[in-house]
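Hi,

Here is the structure I promised to pass on. Have a look at it first, and my notes follow below.

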Amino acid sequence: MTHSSSFVDAKQKRTDTRGYTGTLAISRFRAPVPLLEIRRVTRRFGDFVAVDDVSIAVEPGEFFTLLGPSGCGKTTLLRMIAGFDMPDEGQILLDGKDLADTPPERRPVHTVFQSYALFPHMTVAQNVAFPLRMAGRPAQEVARRTQEELDIVHLSDKAGAYPHELSGGQKQRVALARGLVNRPRLLLLDEPLGALDAKLRVEMQLELTMLQKNLGITFIFVTHAQYEALALSDRIAVMNSGRVEQLDTPDHIYGSPRNRFVADFIGKINLYNCSVIATSSESLRLSVAGLGEVWAPPHADVPAGTAGTFALRPEHARIVPRSQNPLMKNHLFGRVREFFYVGDVTTYVIDLDSGVRFQALLANSAPGRAKFFELGDEVAVEWPNEAGMFLSR
Amino acid sequence: MADAMKRNTSSRLTKWLVAGPPLVFLTLFFLLPALIMVVASVRYPGEFGALAPLFPTRPGEEAGLTLENYGVFFSDWIYADIFAKSFGVAALTTLLCLAMSYPLALLIARSPRRHRDLLVLLVILPFASNFLVRVYAWMIILGPLDLLFSRFAVIVGMVYVHLPFMILPLYTNLEKHDPVLLDAAQDLGANGWNRFWRVTFPLSLPGILSGSALVFIPVLGMFAIPEILGGKDDWLVGNMIKESFLGTRDWPFGSMLSIMLTAGVLAIAGIAAWAARRVTVHA
Ligand SMILES: Nc1ncnc2c1ncn2[C@@H]1O[C@H](COP(=O)(O)OP(=O)(O)OP(=O)(O)O)[C@@H](O)[C@H]1O
Ligand SMILES: [Mg+2]
């Protein structure tokens with residue numbers, strides 16, 4: 001599988017650039033069988049196909065994310081991994097063994113539910129102790145490990161509280177501690193941060209990744225928040241109406257989306273219909289609706305005449321005053337119609353002379369000035385050939 | 001400031017308007033009669049039933065207040081015995097109702113939503129036929145089996161009549177349980193029994209308590225069923241009270257029995273509430 005090898009590459013790259021060492025040892029010597037393998041799984045509800053021929057292999061120690069719009073089948077897939085639902089076709093294997101005959105309570109897989117699903121009649125400590133007691137651990141061990149786990153999530157002082165006495169973030173941490181306390185092979189998290197406010201959400205994201213790296217437990221994380229997925233994940237499977245559109249590392253998903261859906265779903269991007277005029281080994285010449293003739297990096301096997309999508313990230317475009325001569329081959333003129341100032345960067349919406357919209361993003365990095373252009377400014381936009389992307393539809 | 005005070009007064013007024021009518025009703029028709037009963041239980045019986053006057057109208061007549069009735073109650077084991085028997089029957093009926101209702105209530109609560117209302121309707125359907133008719137039906141069933149006029153027949157009748165009062169509060173409670181809690185329990189390693197015993201059951205304790213109260217208390221006062229289905233030995237407190245008022249026409253004695261019954265129920269309710277506080281915790 002090509003995905004698995006690119007995962008290893010990315011892991012090493014992350015190690016180099018960010019200094020992670022925790023999971024390197026595991027990922028460099030890739031296990032002969034993946035921890036979890038989803039093999040051509042399909043799930044139908046009547047005529048409706050909720051999960052459509054999905055194949056995914058998750059490696060040990062990975063932070064794996066299922067990302068996609070509402071209703072694309074993320075929860076359905078997660079429920080099949082946990083054992084609450086069965087595939088109509090295909091197999092789910094854990095450590096190479098088919099899980100079909102293993103009920104949820106005997107799978108070494110725990111779930112953190114979006115609503116937390118804490119037991120309201122149990123204290124925080126009793127909630128966290130629950131999986132240990134179900135596993136039949138001796139009372140002393142239960143008490144000790146519950147205490148340890150509460151320490152890890154900084155809730156020791158709430159051990160005797162009931163769930164209704166906790167804040168959202170605290171409930172979240174109890175659910176996490178409960179899911180992790182007896183060290184499952186796999187932790188499934190179904191939009192666990194969805195109910196938190198923005199600031200708490202960022203805090204919990206940080207805690208989540210640190211916890212995952214420290215414990216080395218494999219996470220499968222479900223979200224429809226793209227930035228969350230990019231920030232947290234080792235790999236992401238982007239899903240759309242039951243299918244996996246792209247399975248890759250965050251930088252590849254963002255930098256080289258495989259099709260229009262992925263490009264559009266992840267981050268901001270300019271998208272235009274286009275067709276190929278000519279191809280060569282150095283570049284692709286495109287005819288783009290509203291932009292005219294544009295050069296893009298070469299693309300394997302697209303003959304002249306192929307229709308597709310031209311995509312360009314706003315941060316890859318440069319804006320200069322119209323009076324200043326553009327230096328790059330790809331350039332167009334227009335007028336600033338709107339801008340969204342968010343402090344560190346400003347996104348400019350530009351009406352090109354041809355009438356189409358174009359977004360360009362500029363860092364507000366010059367000292368002493370908040371931003372570079374004002375409404376109505378006459379500008380030129382330009383971008384290097386290699387910034388553009390040709391996508392099949 | 002003035003605004004806040006006005007708002008405060010008007011909200012208090014609303015509160016009184018809402019709470020007022022039931023309060024007046026309960027004071028007039030519950031609290032007052034209860035007080036009359038207390039007073040009646042310390043008076044002498046009238047010569048031809050009812051109560052003797054508070055002040056003697058002719059010499060030698062028994063009048064005024066007395067603790068004699070209570071004295072009688074505590075002087076003979078027979079009353080304590082009947083009380084114990086009654087509480088025993090009530091407890092047994094409650095347990096049997098609970099044992100029979102729980103699975104049914106659970107079944108209804110977990111059946112598809114569109115079927116639930118119909119099933120609940122079926123549970124309360126027996127109320128549509130007359131109480132006496134339903135009890136007499138048991139005579140026809142138990143008679144040929146030679147089980148009539150026995151403690152067994154009394155219990156059967158009691159359980160039969162009070163079953164819906166247990167099923168409904170249980171169902172109302174169980175229906176509110178969040179199914180994701182059972183998923184979570186199963187996900188964390190709980191088998192079927194543990195999912196019931198550690199999640200469903202503790203969460204249903206409030207339902208069990210209210211259902212039990214709704215069965216236990218009416219059974220204590222019930223006289224019709226022992227009278228129809230039971231033998232002479234199966235008389236309960238309810239029969240004694242009824243007999244005091246309608247048979248021997250000794251109102252003060254009947255009042256005393258009622259007061260003692262109420263005291264007993266309150267004592268048990270107090271113990272139950274105390275135990276519940278220790279067990280149910282926060283739900
Ligand atoms: N039990 C079911 N019966 C019928 N249809 C179902 C069932 N469960 C899920 N579906 C359908 O399958 C599709 C996928 O649902 P799923 O819950 O997996 O989506 P999701 O990706 O988790 O979405 P969200 O982000 O909103 O949670 C939805 O269209 C949903 O209506
Ligand atoms: Mg979902």
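Into which domains is chain B divided? There are two entries to remember, domain 1 (1-40) and domain 2 (68-279), with bounds that come from an automatic or database domain assignment. Taken over C-alpha atoms, the centres of domain 1 and domain 2 of chain B are separated by 32 Å.

Before you go further, some housekeeping. This is a predicted model, where local features need pLDDT of at least 70, side-chain atom pairs count only at pLDDT 80 or more, and totals for chains, interfaces and linings use all residues. Residues are numbered from 1 along each chain as its sequence is written, while chains are lettered from A and ligands numbered from 1 in the order in which they are written.

Now for where the chains meet. On chain B, 17 residues are in contact with 19 residues of chain A (C-beta atoms, placed from the backbone, within 7 Å). Helix 7 (179-187) and helix 8 (192-221) of chain B are the elements that give two or more residues to this side of chain B; helix 7 provides the largest share, 6 residues. Helices here are DSSP runs of H or I with at least four residues, strands are runs of E with at least two, and both are numbered from the N terminus.

Chain A has an open sheet of 4 strands in the order 2-1-4-5, with antiparallel pairing (strands pair if DSSP finds at least two bridges between them). Strand 2 (48-58) and strand 5 (97-98) of chain A are at the edges with a single partner strand each, so one side of each has no neighbour in the sheet. Strand 4 (residues 89-94) of chain A pairs with strand 5 of chain A over 2 bridges, and L94(A) stands opposite K97(A) in strand 5.

Cheers

Definitions and conventions
Two residues are in contact if their C-beta atoms, placed from the backbone, lie within 7 Å.
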